[in-house]
2 protein chains.
Amino acid sequence: MSRDTGAEQLVGTDGGLLRFGPDQPLRLDSRAVLNGLEIAYRTYGTLNADRSNAVLVCHALTLDQHAAGENPATGKPGWWSKVIGPGLALDPAKHFIVCSNVVGGCMGTTGPSSVNLETGRVYGLTFPVITIADMVRAQAMLIDALGIETLFAVVGGSMGGMQVLQWAADYPDRVFSAICIASAPRHSAQNIAFHEVGRQAVMADPDWRGGDYASQGARPEKGLAVARMAAHITYLSEAALQRKFGRELQRDGLSWSFDADFQVESYLRHQGASFVDRFDANSYLYITRAMDYFDLAEAHGGVLANAFAKARHVRFCVLSFTSDWLYPTTESRSIVKALNAAAARVSFVEIESDKGHDAFLLDEPVMHGALQGFVDSAAQARGLR
Amino acid sequence: MSRDTGAEQLVGTDGGLLRFGPDQPLRLDSRAVLNGLEIAYRTYGTLNADRSNAVLVCHALTLDQHAAGENPATGKPGWWSKVIGPGLALDPAKHFIVCSNVVGGCMGTTGPSSVNLETGRVYGLTFPVITIADMVRAQAMLIDALGIETLFAVVGGSMGGMQVLQWAADYPDRVFSAICIASAPRHSAQNIAFHEVGRQAVMADPDWRGGDYASQGARPEKGLAVARMAAHITYLSEAALQRKFGRELQRDGLSWSFDADFQVESYLRHQGASFVDRFDANSYLYITRAMDYFDLAEAHGGVLANAFAKARHVRFCVLSFTSDWLYPTTESRSIVKALNAAAARVSFVEIESDKGHDAFLLDEPVMHGALQGFVDSAAQARGLR
């Protein structure tokens, strides 16, 4: 297990890369097996003596293990710096916080851009299709390796929230509390449709090379940028776009051309261009596919409550945002309803916000307050100081 | 003026192609001038003796002049066959119905795929950027050529509705009644964003060749298909997608690949593939641009009511659909509010439908009833039988 030290002292920068030996294959839902799995992860805080203060943070589609502290790739603060830190809902002085890059990702954990140890070549499309349950299975291996039996909390937004639900379904005895934010128990037709547009945009790029671009020295940057642009619109609300950009122009007057006239066009182009610098196109295909395949009820006889039948001791917190049209409150309500049907304990808050789906990553004091209150109450029940 | 006869007898197939001479240039908002403008149009019914029964139907982004009867290109019924026909709201036995392909289009009217008479080459990106007002200006030239002074009604949905509003603003004395369906007085930031994604998808395709694909024997089909797929999602509601497709699979079980597993994926791919057979990529760029530039208030001192200051004698009908998130009811309400402020006469109906934006093209009896009632009442006021 490697270990690196960073400049960020407040939250620490522990973590590293964990490689599993041939005796520890990751068995996937597809029935394929991944040997030599590597998991890139990061930790904040210290595991207490009775190993009861561990929190697993699960990241969303294009995020990574750098939930707090400085992201070494970008030099920017981690994506949940408003939630993880001294005096915040997840406090490294109290909790041992773990965040790992998902299987299929491109930030260090084994994914389609990794080298297949058996062939010596980059996987590309020979990488097996993975699921949310596979991501969670890999996380459980990491948690085992870190010597943690039970997680005080597992928490995440969007795809992270799907992992939270999967943890509760697959490892109920290893979860004390579960926080699912801006998420859904299954991908809707519209969710799948938007992801399919993104995948088609990537695969339409001749530089994708049938998925084999890495071996051929190419990168499907244009296609991936278009995919990101389309997805990015779904992360924001109509109101947020109108408030931020409206019909404001880049310059005085229209260009009468196809240059970016409107600020929203320039913003979207920037989102696309900067994304391709930090993300792998095949990982985008695999992770969107995992989300599309996600349907927690389907694996439990079509009844979502059945997924939580053994999780009624888990303390659940479900949060949604009023303007999130990607994973609208109706999805969170269906989770709450299933938890109620399973007689599980659940707190549910729909938070008034005009920021759309991305609200879970932004400065949302009501969300931070709700998280703080829930975590503090769970900590008391857990007997943490 | 050419004239063709079709198989559809109920509504007739009159129309043809109108070419304007060098003495009749189309002066564009961009200050460019189009010489030798050709307008492809189609008519249904007969102009009455006092020329008081003409109805102009304005089409949406990817539609055409074939509003009723058989579309010769596809062999299918026209796109508004549920509205135009014997006993329907627009009845060729009562009305002289005209529908023309917009300037910038690709169904016969001059557009970027036309040959520039001055150079002998296909325009491509040398075609001037056009606006909704330019489309309406060309329609006015057509109406002049057909000997019509005043339209009994001008009617359209989506981009067609924008043209309707522009007619009322620019030619109030030539409009007796105006019907604006599922539309908006200006394109929102989200509207622009989705269009920009589509344009970027087209321009990312190497076969677009900087817009010069026609001269080079190429076609940016993949990029245009992606653009269409993204746009198509915005035409449907989340509920409609869920009802039509849900998470239904194409086959028994998942493919564990990137094939189309879900029916919604297959449907979208089909939408993309069939679109490129019937539409020109550059026309897609130009027409989306015209829509993005549309802001009726902006041209009238920022006050939408001012656009209708001379239209208070026009009978307006504004219709919206509850599940239309592309042009939501709030947009129609802002039109109604401006018409009220201008002391114009307006009927407004928000129609309960889960079909999303595309509802205006579908079997929506409440819409058909509202149209019929409004048209009949206006006809009575106009002294039509």
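Q: What is the order of the strands in the open sheet of chain A, and how many strands does the sheet have?
A: In this predicted model, the open sheet of chain A has 8 strands in the order E1-E4-E6-E5-E9-E10-E11-E12, and their pairing is mixed.

Q: Why is one side of strand E1 and of strand E12 of chain A left without a neighbour in the sheet?
A: Strand E1 (14-19) and strand E12 (345-351) of chain A stand at the edges and each has a single partner strand, so one side of each has no neighbour in the sheet. Neighbouring strands of this sheet are turned against each other by 20° on average, with direction ignored.

Q: What makes E5 and E9 of chain A a pair of strands?
A: Two strands pair when at least two bridges are found between them, and strand E5 (residues 54-58) and strand E9 (residues 151-157) of chain A are joined over 4 bridges, in the parallel sense; therefore they count as a pair. Within this pairing, A:Val57 has A:Val155 in E9(A) as its bridge partner.

Q: Which helices of chain A lie against these strands, and at what angles do they run?
A: Helix H2 (residues 159-170) of chain A packs on the sheet, where it touches E5, E9, strand E10 (175-181) and strand E11 (315-321), and its direction makes about 145° with that of E9(A). Helix H10 (residues 365-382) of chain A lies across E9, E10, E11 and E12 of chain A, and runs at about 170° to E10(A).

Q: How do you know that E10 and E11 of chain B are paired?
A: The cut-off is at least two bridges, and 5 bridges join strand E10 (residues 175-181) of chain B to strand E11 (residues 315-321) of chain B, which run parallel; therefore the two strands meet the definition of a pair. In E11(B), B:Val318 is the bridge partner of B:Cys180.

Q: How many residues make the contact, and what is the area buried between the chains?
A: The contact takes 52 residues from chain A and 52 residues from chain B, and the area buried between them is about 4600 Å², of which carbon and sulfur atoms give 70%. In chain A, the residues that lose the most area to chain B are A:Arg247, A:Trp256 and A:Phe258, together 19% of what that side buries.

Methods
Residues are numbered from 1 along each chain as its sequence is written. Chains are lettered from A and ligands numbered from 1 in the order in which they are written. This is a predicted model: local features need pLDDT of at least 70, side-chain atom pairs count only at pLDDT 80 or more; totals for chains, interfaces and linings use all residues. Side-chain values use heavy atoms; hydrogens and water are left out. Contact means heavy atoms within 4.5 Å. Buried area is the accessible area (1.4 Å probe) that two parts lose on being put together, summed over both. Axes are lines fitted to C-alpha atoms, for helices over the stretch in contact, and angles run from 0 to 180 degrees between N-to-C directions.
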